[in-house]
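Have a look at the model first, then read on.

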Amino acid sequence: MRQMISVASALATAMALGVCTHPNAVTAASAPPAAPVKGEQHAMTQPSIIPWPTSATVNVSERFQITKSTIIEVSPGQPDLQRIAKSIADLVAPALEASLTVREGTGAAASGVIRLEVTGGSPQGDEGYQLTVSPTGIRIVSSTPAGVFYGAQTLRQLLPWSIEYRGPRPFDVFVPSAQISDKPRFGWRGAFLDVSRHFFSVDEVKRYIDLVAMYKFNRLHLHLSDDQGWRVQIDSWPNLTTHGGSTEVKDGPGGFYTKAQYAELVAYARDRFILVVPEIDMPSHSNAAQASYPELNCNGIAPPLYTGIDVGFSNFCVDKEITFKFLDDVLGELAAMTPGPYLHIGGDEVKKMTPAQYAAFMERAQGIVAKHGKTVIAWDEIIHSKLLPSTVIQYWRPDASMAPPPGTKLILSPANKIYLDMKYDDNAVLGQNWAGNVDVGVPYGWDPATHLKVPESDIMGIETAIWSETPDNIRDLEFMLFPRIAEVAEVAWTAQPARHWDDFRARLGGQARRWSALGINAYWSPKIDWQR
Ligand code: TNX
């Protein structure tokens, strides 16, 4: 049986040794100060890194001080590293009341340097990294800029929580000595956002990106169309947004992203090593489009716009050629706007087509995506149609046990485990509960390898989702995300044998001040001992 190490025993060990290694690196008993005060020495006293790294030793009795004269040095010719360096400089700027110098260099400098380095042949693989903090400096090394970015996210959690305050509150910045070697379990660490049921502004989506990037997510799946609203500009079918984008659930004003705004989101995500995966849901979840163009309906009559939360009542007309001309135009424009290799075509919850109509539709839709040079992703119902060999299936139904053809690539999103639009408990105001409550601890307790009888190598990864029937602004999204997003992050990143609830629970409690400093509207679940 796996040995569980309690927080108490880890603390005792840590205090005795001054040093502690995995699986529980809590190393000191004193709590961080209540608020940053000028001149106060701020050091991490309880490292609470999430997701937990492959191997980590943190020694709080030794530390590096970041001062105004610390230099951030990056490998030459690496614009991505310059950007990561700048984000580290921005993070510490209010505390130091200074903007650190960023320069290119080859690592010859002796001390007082934060070095970001890309080298060939890192044993950690593409997204892995090594982070070393010693009293003389900090070094993050990876074979890719993405790996350096993840190392920088870990470094951020080694900095005191008060670093997250953006106001001018000068204090001395210390980082505990650390030796960290890390790489992710899964290459697909997705965060999904439904911007159709309720529309979220560019700034709200940027905030969502910032929050998930901190926890090493690398995919943003945007659900851009549904019955309640069409959210992305398509030049060849302009009514989709002018009419179809004008509503949302209940009586809100709706909205949509222009092509320029979509490009802005793609770039913002890419700068944080997050790939945007756009979804146009079909053949159902299509009322906003059908309301915008009568010719997309079998009876030639446009239905009214819809602001309720039923599913499965709408569908494109599989018997009309114009339907496939429409899809070709829409998916062609979307493919041209999207640098990533994937287009998601939905395929879920179709209630008013025959199985043969559904299969025929999904087969043609896959062909159109392929024609535009992209790889199809679809919800698990697509298994009832003929698949292209490259089609990726996203499993969402808790009871969808139908095995995919061998070798099919999979993304796992079981609603009863990692749908963050599910309620925490029966008292929750926000959320739905058709898949049951998803209380704190439920996502963490899930092992993706046990979900389907397939080899783990077929699982590209996992994707958490927030559908937006109930949340309608960023505060609501934050409430649904935190703390569960941290659980999902560790399920996606950390190897299964290294995950232990008691250990995680203590680290989760250690995130509270950081979240408060970031202004996050978290749900302070009574199941966690928050260090606030
Ligand atoms: C199921 S998950 C849906 C969505 C709803 C969601 C609400 C999936 C592929 N379809 O249409 O918004 O439940 O939780």
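Pro-51 sits in the loop between strand E2 (41-42) and strand E3 (55-66); helices (H or I, at least four residues) and strands (E, at least two) are DSSP runs, numbered from the N terminus. The bond joining Ile-50 to Pro-51 is a cis peptide, with omega about -5 degrees. Keep in mind that this is a predicted model, where local features need pLDDT of at least 70 and side-chain atom pairs count only at pLDDT 80 or more, while totals for chains, interfaces and linings use all residues. Residues are numbered from 1 along each chain as its sequence is written, and side-chain values use heavy atoms, with hydrogens and water left out.

- Most residues other than glycine have a negative phi, and most peptide bonds are trans.
- Met-282 to Pro-283 is a cis peptide bond, with omega near -10 degrees, and Pro-283 is in the loop between strand E14 (275-282) and helix H7 (287-292).
- Glu-97 isn't a glycine, yet has a positive phi of about 50 degrees; look for Glu-97 in the loop between H2 and strand E5 (101-104).
- Glu-349 also isn't a glycine and has a positive phi of about 50 degrees, this time in the loop between strand E15 (342-346) and H9.

**The largest pocket**
- Its volume is about 670 Å³ (the space filled by probe spheres set on grid points, which are joined across faces, edges and corners).
- A pocket here is an open set of points on a 1 Å grid over the protein atoms alone, where a 1.4 Å probe fits, with protein on both sides within 12 Å along at least five of seven lines; lining residues have an atom within 4 Å of a point.
- The largest pocket has 25 lining residues, with Ser-87, Leu-91, Arg-156, Asp-210 and Arg-272 nearest its centre.
- H2 gives the largest share of that lining, seven residues.
- Domain 1 (55-182) and domain 2 (192-510) both contribute lining residues, so the largest pocket lies between them (the bounds come from an automatic or database domain assignment).

**The second largest pocket**
- This one holds about 230 Å³ of space.
- Its lining has 15 residues, and Val-311, Glu-349, Gln-432, Trp-434 and Glu-469 lie nearest the centre.

**Helix pair H8 and H9**
- Helix H8 (residues 321-337) packs against helix H9 (residues 355-371) at about 35 degrees, with axes 10 Å apart (axes are lines fitted to C-alpha atoms, for helices over the stretch in contact, and angles run from 0 to 180 degrees between N-to-C directions).
- Residues in contact (heavy atoms within 4.5 Å) include Phe-324 and Leu-327 in H8 and Phe-361 and Ile-368 in H9.
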